[in-house]
Amino acid sequence: MNNTHSAPKGARTPWQVTRSVWYAMFMREAISRTMSDRMGWFWMIFEPFALVAIMVGIRSFVSGDNLIANAPFIPWMIVGMMGFFLVREGMMRGMGAIDANSSLFAYRQVQPIDPVLVRNFLEGALRSFIFLIFIGGGLMLGLDMYPDNAIRAMAAWLSLWCLGVGLGLVTSVSATLVPEVGKVVRMLSLPLMIISGAIFPLNQLPHWLLEYLMFNPVPHALENLRLGFFENYQVIHGTSMLYFWLVTLTLNALGLLMHLRFVDRLKAK
């Protein structure tokens, strides 16, 4: 007896369709990100290198460079800034993803969430590759860039990547529906780097101020990332990966709900 409700022969499952959409968008994004500008790769590597060099120069000039307990200063800063850039780029790249791909929403298979996820994946892969270049370059220059606990370091790196995805999902909807949100987020990216402890140790701040700054989830994962590289490093008091994951999962859930709720308005933009 024939089953009249079975899928037509040769029809693709929803997962196969989604996977095809993601692959096509990934190739499109990867080519535009790395090939459209002849200097694309140069800037991706030079920007963090220049920032690290400037910050190291300023800190060395102001107060010497032996300020971090049980961790060499330059590797400590490189690890922190690379971790922060992973979160920042996930947040910033997510914002423009929907507008940049709006023409693709004419295809029923493409949803507004697809370019956000694809961009975050691509950005995370590129940042991971650049981080490996920095680690290799640092080791060649004699810096202590080899992680003491590679599993902890990789877990913290993936945690920061997940936070970037959550922020990207939320900001992509917010900035598309209310363009002013995008301007505010861009303005806040530099202060966020400072209060996340990417370029100077937060434990030098007064305790009453530190209590408020630790509501920011980024320092929790940055400190764990550094602990993965320097096993005797003293993390900031109050560092908690439980708190970090509660915030990260909440942001991811909120972002997914916002995409579900406003999908028609995002397509119409």
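The protein chain has 10 helices and 0 strands, where helices (H or I, at least four residues) and strands (E, at least two) are DSSP runs numbered from the N terminus. This is a predicted model, in which local features need pLDDT of at least 70, side-chain atom pairs count only at pLDDT 80 or more, and totals for chains, interfaces and linings use all residues. Residues are numbered from 1 along each chain as its sequence is written, and side-chain values use heavy atoms, with hydrogens and water left out.

Along its principal axes, the C-alpha trace spans about 75 × 45 × 40 Å. Of the 269 residues, 46% count as buried; buried means under 20% relative accessible area, exposed over 50%, and partly exposed in between (1.4 Å probe, protein chains only).

## Transmembrane regions in the record

UniProt, in an unreviewed entry, places the feature "transmembrane region" at residues 41-61, 67-87, 125-143, 155-178, 190-210 and 242-263. Such annotations may be inferred rather than shown by experiment.

Let's look at two of these stretches. Residues 242-263 are 95% helix and 0% strand, with end C-alpha atoms 31 Å apart. Residues 190-210 are 48% helix and 0% strand, and their end C-alpha atoms are 18 Å apart.

## A serine in a loop

S196 sits in the loop between α6 (179-195) and α7 (207-213). Is S196 buried or exposed? S196 is buried, because its relative accessible area is 1%. Leaving aside neighbours within four places in sequence, S196 is in contact (heavy atoms within 4.5 Å) with F84, L202, N216, V218, P219 and L222.

## A network of charges

Side chains of opposite charge can pair when their charged atoms come close. The structure holds 7 salt bridges, each a side-chain nitrogen of Lys or Arg within 4 Å of a carboxyl oxygen of Asp or Glu.

Which residues pair with E89? R88 forms a salt bridge with E89, with the closest N and O atoms 2.8 Å apart, and R93 forms one with E89 at 3.4 Å. R93 and E89 both lie in helix α3 (residues 73-100), 4 residues apart, about one turn of the helix. E89 is buried at 8% relative accessible area, R88 is buried at 14%, and R93 is partly exposed at 29%.

In helix α4 (residues 113-140), E123 and R127 are also 4 residues apart, so about one helical turn separates them. They form a salt bridge whose closest N and O atoms are 3.4 Å apart, and both residues are buried. Salt bridges that share partners join E47, R88, E89, R93, E123 and R127 into one network.
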